[in-house]
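Please look through the sequence and the model below.

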Amino acid sequence: LPPRCTSAHTRVWYGEHADDAAGHSYFQLQLSNIGPRTCSFFGFPGVSALNSHGHQVGRPATHYGHRIAVVLKPGGTAHMVLVVVDAFVICSHPLKATDLRVFPPGQFHSQNVPLATLACPGTSVLQVDSVHPGTGIPGTTIR
């Protein structure tokens, strides 16, 4: 595998709201290689919800699926599916979250992505799978 993608050469973003189903919303989180060299990701991102003051609300996202490796050429994009469970199904007094804090797989510097959701104190309403090749949004690219 090529070296891991570095935070300086990674941009995190999300595509259009994907789908809703029985108390769950699905979003495509995107990781784009904005650097000059081919690099790789392996495994799961770290994802948590933040309030308007930048403080974490609730527990970080749980992981599902299997870890896989993805190789990205410069300008390439990979994706992960983020599931947001309806907070009212889990707790009676949800708190507002304004952003997601995302640590791409293998990185120690996070990037914030605006996404208004509701979170529950002491538990997680977020689930995220492993990184997958491609944008997850046909015809979309960062460049």
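The torsion about the S-S bond of Cys5 and Cys39 is about 85°, so this disulfide is right-handed. Cys5 sits in the segment before strand 1 (10–21) and Cys39 in strand 3 (residues 39–42), so the pair ties together parts that are 34 residues apart in sequence. Helices (H or I, at least four residues) and strands (E, at least two) are DSSP runs, numbered from the N terminus. Both Cys5 and Cys39 are buried. Buried means under 20% relative accessible area, exposed over 50%, and partly exposed in between, with a 1.4 Å probe and protein chains only.

This is a predicted model, in which local features need pLDDT of at least 70 and side-chain atom pairs count only at pLDDT 80 or more, while totals for chains, interfaces and linings use all residues. Residues are numbered from 1 along each chain as its sequence is written, and side-chain values use heavy atoms, with hydrogens and water left out.

How many disulfides does a search of the whole structure find? It finds two. A disulfide here is a pair of cysteine sulfur atoms within 2.5 Å. The table lists them.

| Disulfide | S to S | Torsion about S-S |
|---|---|---|
| Cys5 to Cys39 | 2.0 Å | about 85° |
| Cys91 to Cys120 | 2.1 Å | -80° |

The link of Cys91 and Cys120 is left-handed. This pair also links distant parts of the chain, 29 residues apart. Cys91 lies in the loop between helix 1 (87–90) and strand 9. Cys120 lies in the loop between strand 10 (111–119) and strand 11 (126–129). Cys91 has 15% relative accessibility, so it counts as buried. Cys120 has 0% and therefore counts as buried. With the bonded cysteines of the chain numbered in sequence order, the pairing reads 1-2, 3-4.

Next comes the sheet. Strands of a sheet pair through backbone hydrogen bonds, either parallel or antiparallel. Four strands form an open sheet here, in the order 5-4-9-10, and the pairing is antiparallel. Strand 5 and strand 10 stand at the edges, each with a single partner strand, so one side of each is left without a neighbour in the sheet. Two strands count as paired if DSSP finds at least two bridges between them.

Is strand 4 (residues 46–50) mostly covered or mostly open? Strand 4 is mostly covered, with four of its five residues buried. Strand 4 pairs with strand 9 (residues 95–103) in the antiparallel sense, over five bridges. Within this pairing, Ser48 has Arg101 of strand 9 as its bridge partner. Leu50 stands opposite Asp99.

Strand 4 also pairs with strand 5 (residues 56–57), again in the antiparallel sense, over two bridges. Ala49 has Val57 of strand 5 as its bridge partner. The hairpin of strand 4 and strand 5 has five residues between the strands. In that hairpin, Gly54 takes a positive phi near 85°.

Gly46 lies in strand 4. Its relative accessible area is 26%, so Gly46 is partly exposed. Which residues does Gly46 touch, not counting residues up to four places away in sequence? Gly46 touches Arg101, Val102 and Phe103, where contact means heavy atoms within 4.5 Å. Gly46 and Pro105 are 59 residues apart in sequence. In space they are 7.2 Å apart, C-alpha to C-alpha.
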